[in-house]
Amino acid sequence: MRAARLMSLVLLLQGRGGMTAAELAKELEVSERTVHRDVLALAGAGVPVYADRGRGGGYRLLDGYRTRLTGLDRAEAEALFLSGVPAALREMGLQDVAATARLKAAAALSPGLRDAPATAAQRFHLDAPGWFAGDEPPPPALATLARAVWNDRRVRARYKDRVRVLEPYGLVLKAGTWYLAARLGSRFLIFRVHRFGEVAVLPESFDREPGFDLAAFWAEQSAEFSRSLLREEITLRLSERGRRMLRHVADPAALAGALASLAPDGTVRLAVESIEVAFSQVLRFGPEAEVLEPPELRAMVADAAARTAALYQR
């Protein structure tokens with residue numbers, strides 16, 4: 001633990017030129033006294049670190065000194081590509097590896113570029129979890145599954161009261177919910193991580209299919225899932241304004257089909273999940289849409305319109 005902290009201290013000084021004891025303590029999450037002891041240990045080991053006295057002082061490395069510790073190992077290199085999603089790294093237990101990788105990458109930059117990471121971080125931030133997620137803990141099985149995914153190891157997992165042996169190919173974070181893409185036998189399936197019970201990483205590894213593309217697989221599965229939910233179809237007649245609203249009201253998976261069916265008189269066929277869901281969607285159009293089919297939905301909207309009119313007539 002201390003060796004890793006000493007390496008981080010050297011990389012911080014190399015990357016930023018100089019830092020006060022308070023700044024180093026904050027970055028390393030230790031006390032200033034620990035920072036002073038670590039600096040003495042580095043000096044004793046031959047690292048040319050020295051202290052500037054007075055206002056604006058702090059610790060610095062001798063000009064021209066470059067540590068050879070900037071090379072990334074495989075785990076650090078892989079974690080570096082996830083550095084823009086800090087919440088995901090934290091939930092998978094990879095935050096320490098990624099932090100070391102970022103320090104090494106920053107230390108390897110030329111002096112004129114060392115402020116680039118901080119500059120980018122102040123301009124772009126990816127907040128993956130959904131709204132109103134609160135402080136819910138990550139799924140208990142997530143860290144174990146992440147370890148298996150990194151190392152291409154099979155897992156024995158309980159899922160919906162069934163025990164299965166899976167080959168975990170990848171994890172996906174979608175709107176605050178974690179999913180596992182895994183091969184079961186000859187099929188690739190999607191599992192919700194929070195539904196896993198006990199998960200054990202098995203000693204045997206598996207060979208990944210060379211052509212497997214996690215992003216493409218997820219996009220295909222997501223589109224198929226969205227289409228599978230659209231089991232009903234309704235027919236509307238839209239006003240000119242209603243046609244402009246269509247893109248904002250229709251389900252994204254149904255939009256292309258709806259636009260293709262749009263007739264010159266504003267008649268449109270729209271795929272929906274259910275009549276109940278369609279009722280909520282149609283109400284968003286207000287007076288800009290008339291339900292033509294099915295009669296059940298037409299009656300529901302007519303009743304809602306009549307009750308709304310009566311409410312305002314009072």
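So, let's start with Tyr169, which is buried, at a relative accessible area of 2%. Bear in mind that this is a predicted model.

Next, Phe212. That residue is buried as well, with 18% relative accessible area, and the cut-off for buried is under 20%.

Now, how many aromatic pairs does a search of the whole structure find? Ten. Among them are our two residues: the ring centres of Tyr169 and Phe212 sit 4.8 Å apart with the planes at 70°, so this pair is edge-to-face; for that label, the angle has to be over 60 degrees.

Where do they come from in the chain? Tyr169 is in strand β5, residues 162–174, while Phe212 is in the loop between β8 (196–205) and α9, so the pair ties together parts 43 residues apart in sequence.

Okay, on to the second largest pocket. There's about 550 Å³ of space in there. It has 15 lining residues, and the ones closest to the centre are Tyr179, Ile190, Arg192, Trp218 and Phe225. Two elements each give two or more residues to that lining, β7 (187–192) and α9 (214–229).

Which element gives the largest share of the lining? That's α9, with six residues.

Definitions and conventions:
Residues are numbered from 1 along each chain as its sequence is written. This is a predicted model: local features need pLDDT of at least 70, side-chain atom pairs count only at pLDDT 80 or more; totals for chains, interfaces and linings use all residues. Side-chain values use heavy atoms; hydrogens and water are left out. On a 1 Å grid over the protein atoms alone, a cavity is a set of points where a 1.4 Å probe fits but cannot get out, and a pocket is an open set with protein on both sides within 12 Å along at least five of seven lines; lining residues have an atom within 4 Å of a point. Grid points are joined across faces, edges and corners, and a volume is the space filled by probe spheres set on the points. Helices (H or I, at least four residues) and strands (E, at least two) are DSSP runs, numbered from the N terminus. Rings of Phe, Tyr and Trp (its six-membered ring) pair if their centres lie within 6.5 Å; planes under 30 degrees apart count as stacked, over 60 as edge-to-face and the rest as tilted. Buried means under 20% relative accessible area, exposed over 50%, partly exposed in between (1.4 Å probe, protein chains only).
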